[in-house]
Amino acid sequence: CIMSLNNYPWKSKALNIFAPHPDQVDRFCEFVKTQLVPDGIDTIMMIVRYNYMFVSHPECRGNFQLSYDDVQKMGNTCRECGINLIPNMNLMGHQTVQDYKEPDGLLRGHPEFSETPLDEEPEYCYSLCPSHPEILGVVTDLMDELIDAFHPTMFHMGMDEIFYIGQCERCAGKDPGDLLAGWVNALADHLLAKGITPMMWGDRLLNSEKLGYGPWDASRNGTWTALDKVRKEIIITDWHYHNWHWFPSA
């Protein structure tokens with residue numbers, strides 16, 4: 001509840017929200033001006049996923065497609081209101097839609113980038129293979145298009161709830177922490193070279209057994225060793241499903 005946050009002296013107040021459908025862009029802008037500004041929100045992290053009208057790789061477009069003009073309208077509104085608008089893409093896990101079973105834009109366009117076969121129904125969400133020789137070029141092309149549209153100071157790379165890693169023939173036998181860190185750092189290097197601060201969710205960098213978290217908001221497949229290997233310029237966004245009085249991960 002945003003209103004309850006007004007009782008606390010936060011240095012920054014942020015909202016994580018899914019990108020609106022193109023038909024709802026005007027409504028979103030009105031929401032920003034009439035609701036978020038009065039509530040003191042100064043940052044919006046917008047989960048875009050693949051719901052953008054990509055030109056470099058149109059085969060990777062999601063189920064609905066925001067245009068460049070749509071993003072400009074939202075970005076201009078946020079800037080006028082003093083709000084930092086940050087795009088978010090899921091760039092390893094969460095490669096599905098429709099109850100976490102149907103491949104999303106990137107894997108629909110490039111099924112060869114999946115860590116596990118797409119004809120095998122996932123227990124949760126499909127993941128990207130960080131070892132595929134062509135994946136980095138495609139993903140950075142998509143990132144660059146969002147950067148050109150959003151003009152962000154920060155970019156959230158996702159990285160939460162990765163359950164499939166180190167399983168394909170390219171990744172088998174490799175340390176999960178090394179795989180995650182190598183992929184995260186490659187994307188972070190791309191952003192840093194453009195003067196953009198990278199962000200990522202923190203759950204895969206946490207040892208579930210050590211901290212007492214469940215398998216969703218902490219890792220049980222060895223990826224936590226990446227914590228000491230990822231670029232220190234990355235802002236880690238800690239999240240949890242539970243409303244605890246304290247969080248050891250912080």
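Predicted model: local features only at pLDDT ≥ 70, side-chain atom pairs only at ≥ 80, totals over all residues.

Colleague: What makes up the second largest pocket, and how much space lies in it?

Modeller: About 300 Å³ of space lies there. The pocket is lined by 14 residues. Closest to its centre are Leu205, Leu206, Asn207, Leu211 and Leu227.

Colleague: How many of the lining residues are nonpolar, polar and charged?

Modeller: Seven are nonpolar, four are polar and three are charged. Leu counts as nonpolar.

Colleague: Now helix H1, residues 25-36. Which of its residues are buried?

Modeller: Val25, Phe28, Cys29, Val32 and Leu36 are buried. Each of them must therefore have under 20% relative accessible area.

Colleague: Why do you say that the buried residues line one face of H1?

Modeller: Look down the axis of H1. The buried residues fall within an arc of 100°, so they line one face. There is a general rule behind this. An α-helix has 3.6 residues a turn, so residues three or four places apart point the same way.

Colleague: What does the face turned away from the buried side carry?

Modeller: That face of H1 carries Asp26 and Arg27, which are exposed. Exposed means over 50% relative accessible area.

Colleague: What do the buried residues of H1 pack against?

Modeller: They pack against strand S1 (14-18), strand S2 (43-47) and helix H2 (68-80).

Colleague: What makes S2 mostly covered?

Modeller: Five of its five residues are buried. Thr43, Met45 and Ile47 lie on one side, and Ile44 and Met46 on the other. Both faces of S2 are covered.

Colleague: How do you know that S1 and S2 pair?

Modeller: Pairing needs at least two bridges. Five bridges join S1 to S2, so the two strands pair. They run parallel. In one of the pairs, asparagine 16 has methionine 45 in S2 as its bridge partner.

Colleague: Where is tyrosine 100, and why is it called partly exposed?

Modeller: Tyrosine 100 sits in the loop between strand S4 (96-97) and strand S5 (102-103). Its relative accessibility is 42%.

Colleague: Why is glutamate 161 called buried?

Modeller: Its relative accessibility is 2%. The cut-off is under 20%, so glutamate 161 counts as buried. Glutamate 161 is in the loop between strand S6 (154-156) and helix H5 (176-193). It has a positive phi of about 50°, although it is not a glycine.

Conventions. Residues numbered from 1 in each chain as written. Heavy atoms only, no water. 1 Å grid on protein atoms, 1.4 Å probe; cavity = no way out; pocket = protein on both sides within 12 Å on 5 of 7 lines; lining within 4 Å. Points joined across faces, edges and corners; volume = space filled by probe spheres on them. Buried < 20%, exposed > 50% of the residue type's maximum accessible area, 1.4 Å probe, protein only. Helix = DSSP H or I, 4+ residues; strand = E, 2+ residues; numbered from the N terminus. Arc of directions from axis to C-beta. Contact = heavy atoms within 4.5 Å.
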